[in-house]
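Here is a short briefing to read alongside the structure. Take a look at the model first, and then follow the points below.

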Amino acid sequence: MTSVIGKSVKRTDTLGKVTGGAVYAGDVVLPGMLFGRMKRSTVAHARIASIDVSKALALPGVKAILTHADVPRVLHYGSPHPRSASVTQDQYILDTKVRYWGEGVAAVAATSEEIAELACELITVDYEPLPAVFTVDEALAPAAPKIHDVGPGGNLVLDPFLIKRGDVEKGFAEAELIIEGEYGMGRPTPAYMEPNVCLCQWDPLGKLTIWTSTQSPFMVRGTLAEVLGLPLNKVRVLVDHMGGGFGAKQDLFQHEFLCALLAQRTRRPVRMEFTRKETFLGGRTRHPGTIWLRQGFKRDGTITAREAKIVFNSGAYGSHGPGVTAVATASLTSLYRCENVRLEGRCVYTNTPIAGAFRGYGVVQSYYALDIQMDEVAETLGIDPAELKLKNAVREGDIAPSNHPLTGHGLEDCIRRGIMETGWATRRARGRAPQTGRLKRGWGMGCEMHGSSAYPGIKEQGNAVVRMNEDGSVTLLTGTTGLGTGAHTALAQITAEELGVRFEDVAVVHGDTDVVPWDIGAFASHTTFMAGRACQMAAAQVKAKVLARAADKLEVSAADLEVQDSVITVRGVPGMRLTVREAIAAERGIPAPQLLGEGSYHPTKAYSFGAHFVEVEVDTETGQVSVLQVVPVHEIGKVIHPIAAAGQIEGGIQQGIGHTLSEDYVIDPKDGRSLNASFVDYKMPLAMDMPPIRTIILETAPSDGGPFGAKGVGEDPIIAIGPAIANAIHDAIGVRFRHYPITPEQILAALAEKAGEQAA
Amino acid sequence: MTAPITTVAMPVTITINGEARDLAVAPFRTLLDVLRNEAGLTGTKKGCDVGDCGACTVLLDGEPVNACLVLAVEVDGRAVTTIEGIAPEPDRLHPLQESFMALGASQCGFCTPGIIVMAKALLDRNPDPTEDEIRFGLAGNICRCTGYTKIVEAIRATARQMAAAGQPRE
């Protein structure tokens with residue numbers, strides 16, 4: 001019997017991508033289309049005293065200009081999750097204040113991009129400057145200016161998020177070693193390749209259609225409808241292909257509202273497309289911040305207590321601040337077993353660009369701190385760090401950050417396999433000959449676990465509709481978006497497998513909120529896990545209907561039937577067979593039946609695990625760190641499409657190397673200006689920087705909650721790589737870094753300091 | 001008062017994917033914008049518009065260029081190949097396109113057209129590139145999804161496959 005699960009079938013979305021035929025939102029052109037553009041703030045915090053658009057309006061080709069006086073004033077969610085605790089309600093389309101350098105203050109529609117751009121330059125804004133704060137410390141100072149009227153006050157995005165388990169005082173009293181440290185995080189951005197873009201058109205009946213590059217079309221629909229005062233059936237969101245999002249394109253951005261309003265005002269279609277610079281300015285970043293972490297240990301490496309204080313910089317708006325803070329805080333209950341924890345997470349407004357959702361969602365930061373500290377402890381206790389992590393790794397039955405008992409021993413399996421694959425013990429400084437010379441090599445490892453859904457922050461729901469057509473072909477309707485992960489192919493595989501048809505018989509319909517079932521959005525590593533399970537449920541219903549018909553025709557019991565590759569056979573009766581097509585075919589004068597299945601799945605949580613083993617080379621003359629090789633070991637349950645899963649891992653590692661060594665979106669501490677809003681100045685690892693990656697995927701702890709035991713993989717790979725690199729640098733040169741990015745200047749300074757200490 | 005933008009279109013003839021196209025383009029328009037808007041070939045992507053990302057890589061008389069850094073009027077009388085013109089026949093893909101699909105070298109796909117065009121230029125010059133040569137050849141193309149692992153694999157696999165088949169590279 002053949003099975004399509006676990007096979008790297010040809011992805012259905014890539015033919016268009018390799019031929020140039022795939023349609024992205026910015027490729028759509030409509031007759032009479034105008035070009036929209038935003039005027040952006042040149043100050044970080046100010047009240048808008050007045051805006052003069054008269055010169056811009058007089059420019060030939062300018063068709064409409066919108067300022068705060070022209071748009072609905074509705075306080076809305078920055079990220080339109082359904083009223084969840086993950087996001088804040090603190091934004092207006094355009095406000096009478098600006099809260100960061102680069103925020104939109106007006107929008108223009110014109111007959112060309114050049115005219116729209118010139119018109120923006122002709123708009124003059126009279127700002128009444130307000131005192132601005134750019135760091136968390138400034139924002140939390142007693143006399144700090146208040147950035148928002150909403151929220152708990154004191155520039156907090158939310159009330160401090162607290163978790164207590166066990167007895168922390170007792171745990172520290174029992175400790176034989178207590179270690180504490182502060183860990184700092186820079187400001188990486190997702191830097192997806194496709195700049196944000198949308199195209200809006202209204203029909204004569206007052207219905208808005210928006211093509212937009214979003215991960216969450218139904219969230220876009222909901223918030224646009226709410227803010228514009230429309231019923232949901234008057235907003236249609238279309239997204240076919242999209243050029244990456246990595247979490248950040250969950251938010252609803254200013255231009256999406258403004259584009260809709262400009263199209264309404266001009267009665268013409270309007271496209272608004274960010275420049276690359278705007279994608280930095282108006283985009284979303286990972287939360288920068290600090291984590292103070294203190295742990296108690298027995299001499300044998302047992303953890304007795306853990307205490308942490310997380311402070312994240314949210315930037316000018318809350319966006320996903322509450323969700324990221326909660327997930328980061330909760331994540332520190334786990335990974336390495338500890339019964340006594342006291343954790344506090346805070347998130348603070350500043351007058352800087354907005355931090356939002358980004359692959360890893362707070363866990364990148366928290367496990368960076370935790371896993372480096374574990375290495376420090378291992379060094380102090382004289383235990384191998386991999387052995388220390390193995391000893392403390394969470395296991396079957398341990399309570400996960402979501403308060404569920406964990407299934408399986410995924411983390412343990414990953415660490416053991418990595419130790420074996422890399423010959424770990426002989427690789428580390430303790431096991432090898434001392435290095436002389438300018439280039440120093442070292443090995444490090446880091447671990448992670450991550451949930452395959454947003455539960456319990458959001459009680460999610462995955463939906464699918466499966467329809468069998470009268471020729472036996474299958475149409476899968478899904479509301480999930482195709483970020484580029486190959487999820488739609490995985491959903492088709494799951495549907496085919498469950499239904500017993502061939503993979504090529506399943507066609508996927510997606511990307512149109514008027515047609516497909518409701519979906520919460522493609523994020524939280526949940527699409528294959530959650531929507532996949534809904535597909536499985538829907539397919540099972542269709543299968544039952546098909547087999548019932550076949551049973552009638554064959555005059556056997558449906559319970560005795562099997563279907564594989566679209567052929568129905570009778571158990572124990574060789575030779576008795578019927579194709580699916582024959583089973584459901586129309587008969588003379590009688591149409592084929594309607595065969596529809598509908599799956600709706602409310603998941604709780606499953607966790608995937610990973611351990612990354614990394615070799616680096618530090619050039620002690622230039623401070624340059626090169627990653628020489630990475631061996632990522634991931635346990636992700638049943639793998640649906642091995643190549644796509646490995647692709648997630650390799651891409652996550654690329655972004656994680658960037659975060660750790662070179663990527664930092666820099667904001668001028670004097671005036672809040674963006675200092676490196678381009679691909680040349682914001683340095684990501686490219687083809688020549690990327691090391692060989694030997695990806696190992698384990699399937700040792702499948703989830704009962706996922707289709708065929710599958711779990712998520714999207715976010716996991718970006719988490720463990722960071723601490724693995726920092727730990728490898730320590731192994732190479734004996735210097736401990738407790739922040740990212742770790743730059744060549746810092747390496748050189750630290751080496752100079754170390755040399756000075758040794759000389760003294 | 002700022003003068004309105006006047007657009008004096010200039011006639012150019014550009015051979016795009018083998019077809020001579022007579023176009024009227026404003027002198028400030030880039031080849032990228034003309035390909036996407038005037039010629040209707042949206043496979044070539046705009047990732048930055050300032051020559052940093054390589055998503056708009058096309059072949060100009062066989063040499064790879066960032067289409068966003070070339071003015072359309074400069075291309076008058078010259079030949080441009082875009083991702084839409086890479087396949088040797090309408091129903092037969094270029095081996096690079098097959099390998100990119102089979103080996104998972106395309107994820108979100110936004111960088112893919114530029115990278116395939118760049119890879120074709122590379123293989124045209126050097127039919128048997130080493131891994132380092134492939135990585136150097138892609139130094140100007142940003143991919144944010146794949147970590148480049150499968151892109152490099154796909155290009156190497158294509159080179160081997162084309163050598164084995166003795167196919168002419170077109």
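The buried residues of α3(B) are T112(B), P113(B), G114(B), I115(B), I116(B), V117(B), M118(B), A119(B), K120(B), L122(B) and L123(B). That leaves α3(B) mostly covered, with eleven of its 14 residues buried. Please keep in mind that this is a predicted model.

**Helix α3 of chain B**
- Within chain B, the buried residues of α3(B) pack against β3 (57-60), β4 (63-66), α2, α4 and α5.
- The packing also reaches into the partner chain, where α1 (14-19) of chain A meets these buried residues of α3(B).
- The length of α3(B) fits expectation: at 1.5 Å a residue, its 14 residues should span 20 Å, and the C-alpha atoms at its ends are 20 Å apart, which agrees.

**The contact between the chains**
- Chain B brings 43 residues to the contact, and chain A brings 46 residues.
- On the side of chain B that touches chain A, the elements giving two or more residues are α2 (95-102), α3 (112-125), α4 (131-137) and α5 (149-165).
- Of these, α2(B) gives the most, with four residues.
- By residue type, this side of chain B divides into 23 nonpolar, 14 polar and six charged residues.

- Strands β1 (residues 10-16) and β2 (residues 19-25) of chain B pair in the antiparallel sense, over seven bridges.

**Chain B as a whole**
- Chain B has five helices and five strands, and from the N terminus on its elements run β-β-α-β-β-β-α-α-α-α.
- The radius of gyration of chain B is 17 Å, close to the 15 Å that the globule rule gives for 170 residues, so chain B is as compact as a globular protein of that length.
- Taken along the principal axes, the C-alpha atoms of chain B fill a box of roughly 60 × 30 × 25 Å.
- Of the 170 residues in chain B, 53% are buried.
- Among contacts in chain B with a separation of 6 or more, 58% come from residues 24 or more positions apart.

Terms used
Residues are numbered from 1 along each chain as its sequence is written. Chains are lettered from A and ligands numbered from 1 in the order in which they are written. This is a predicted model: local features need pLDDT of at least 70, side-chain atom pairs count only at pLDDT 80 or more; totals for chains, interfaces and linings use all residues. Two residues are in contact if their C-beta atoms, placed from the backbone, lie within 7 Å. Ala, Val, Leu, Ile, Met, Phe, Trp, Tyr, Cys and Pro count as nonpolar, Asp, Glu, Lys and Arg as charged, and the others, Gly among them, as polar. The radius of gyration is taken over C-alpha atoms; the globule rule is 2.2 Å times the number of residues to the power 0.38. A residue is buried if 20 or more other C-beta atoms lie within 10 Å of its own, exposed if 12 or fewer, and partly exposed in between; C-beta atoms are placed from the backbone. The expected span of a helix is 1.5 Å times one less than its number of residues. Two strands pair if DSSP finds at least two bridges between them.
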